[in-house]
Amino acid sequence: MERDDLIKDHEYSLLANHDEEHGKAIRKKIWQVTLILTIITIVEVSTGAFIKQYYDGIANNFWWIIKWSFIILTLVKAGYIVLVFMHLGDERKNFKWLILGPYLLFIAYLIFICLTEAADYLSPFFDVISP
Amino acid sequence: MGQHSEKISKSELWGGGGSPFRISYGKQWMWMFLVSDALTFGSLLTAYGFARHSAESWPIGEETFNAMPFLGNGYPLLYVALMTFILIVSSVTMVLAVEAGHRKDKKGVAKWLLLTVVGGVFFVSSQAWEWYHFIHGTHYGSVLTAEGWAVVEYLNGGKDLILKFGKGVIVDGASAQSLFDGATATMQGANLIENEYAPEVPQYANFFFFITGFHGFHVFSGVVFNLIVYINVVRGVYDERGHFEMVEKVGLYWHFVDLVWVFVFTFFYLV
């Protein structure tokens, strides 16, 4: 039996083909993104290597800035990989939501609830409620 | 690429007979798989965050991972940075393979895909080295002194003993020697029960093995997929088909592996 979904596949996939001129623009974009990702990684590693979390037992008061910069830079990197390398940026809007929606919902909530509960575990309040 | 965003009326889009997402069946379900797989990695990393947040202390990435092959210790995060760079570059060669596929440039696809496989093999081997080093531990391990656990190191060619007590506390000279002589226990290397990097938080090594191991297995699988598709490219299977979408599908998987590493790198090594 002939599968109709495969015929549709063929159509969509042929739509994705492009000519040499178009390819040149895409390659330029790829190399730009490569440069951005490399620079971000270098910045992250050198920051991590030179700025310490603790100096001789004393916590670095500005570490939270570094920590949040790491997280933001990571999200920037992830954005470039997903939107450009994985072409999610070129897909239809409803498909983008299909992929990113579960994340905004579940992972954001999971991170929030786990870290909140973990912080409570260390607080004196925890000893009161769980003898 | 630009074709994906063409204007189509809603009734035509959702009226059946084709994907309302204007994306092929195979690609859509690769994405669905990646969403579920990403939720798994997300949960693993969140569990790691939970354990780390509820522990009194946690080892610092740049102190645990400061070794280079053939060079010894004293290179904080340099090797992991190199691994990260290799994985990013192999992601780039993959996206170039996909682009060549859209031009039906068989030779270009074969070249870039082979380079991607080489990058993947390099990464998996690096991870194997890192595991080996992590399991065997530093040369002198950790000792339990009157002040608590400390990692033992010798500077200046093995002459000067120093003790590293976490949180950046370093003791050297005569006081280090007397603490060292009074040590009541030693620990070397890491396994699922104990580890010298954080003797008080054994789950540290468990998370290291689980998260990097699960990711490493994904990289290994990706290398196998890429190799299979590479063989098909060389044999001309996709020329006959008229499009190289299979390269795009394994490409999605490969970029995902890179994406996960970006997060593992940040949360396990950097912060």
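Predicted model: local features only at pLDDT ≥ 70, side-chain atom pairs only at ≥ 80, totals over all residues.
Chain A contains five helices and two strands. Along the sequence these elements follow the pattern α-α-β-β-α-α-α. Of the 131 residues in chain A, 16% are buried. The mean pLDDT of chain A is 83, and 85% of its residues reach 70 or more. Among the elements of this chain, α3(A) has the highest mean pLDDT, at 92, whereas the lowest, 56, belongs to helix α5 (residues 124-129) of chain A.

Helix α2 of chain A covers residues 20-50. The buried residues of α2(A) are A:Val33, A:Thr34, A:Leu37, A:Glu44, A:Val45 and A:Gly48. Their cover comes from both chains: it includes α3 (63-85) of chain A, and from chain B α3 (61-64), α4 (78-102) and α9 (245-270).

The contact between the two chains takes 57 residues from chain A and 54 residues from chain B. On the side of chain B that touches chain A, the elements giving two or more residues are α2 (25-53), α4 and α9 of chain B. The most is given by α2(B), with eleven residues. By class, this side of chain B has 25 nonpolar, 21 polar and eight charged residues.

Helix α2(B) has 29 residues, which should span 42 Å at 1.5 Å a residue; the end C-alpha atoms of α2(B) are 42 Å apart, so the two values agree. Buried residues in α2(B) include B:Lys27, B:Met30, B:Trp31, B:Leu34 and B:Phe41. Further along α2(B), B:Leu45, B:Tyr48, B:Phe50 and B:Arg52 are also buried.

Two packed helices are described by the angle between their axes and the distance between the axes. The axes of α2(A) and α4(B) come within 11 Å and cross at roughly 170°. Angles over 145 degrees count as roughly antiparallel, and α2(A) and α4(B) are therefore roughly antiparallel to each other. In α2(A), the residues that meet α4(B) are A:Gly23, A:Ile26, A:Arg27, A:Ile30, A:Thr34, A:Leu37, A:Thr38, A:Thr41 and A:Val45. Those on the side of α4(B) are B:Ala81, B:Thr84, B:Phe85, B:Ile88, B:Val92, B:Val95, B:Leu96, B:Glu99 and B:His102. By class, this contact has ten nonpolar, six polar and two charged residues.

Definitions and conventions: Residues numbered from 1 in each chain as written. Chains lettered and ligands numbered in written order. Helix = DSSP H or I, 4+ residues; strand = E, 2+ residues; numbered from the N terminus. Expected span 1.5 Å × (residues − 1). Buried ≥ 20, exposed ≤ 12 C-beta atoms within 10 Å, placed from the backbone. Contact = placed C-beta atoms within 7 Å. Nonpolar A, V, L, I, M, F, W, Y, C, P; charged D, E, K, R; others polar. pLDDT = per-residue confidence, 0-100. Axes fitted to C-alpha atoms, helices over the stretch in contact; angles between N-to-C directions. Parallel < 35°, antiparallel > 145°, perpendicular 65-115°, else oblique.
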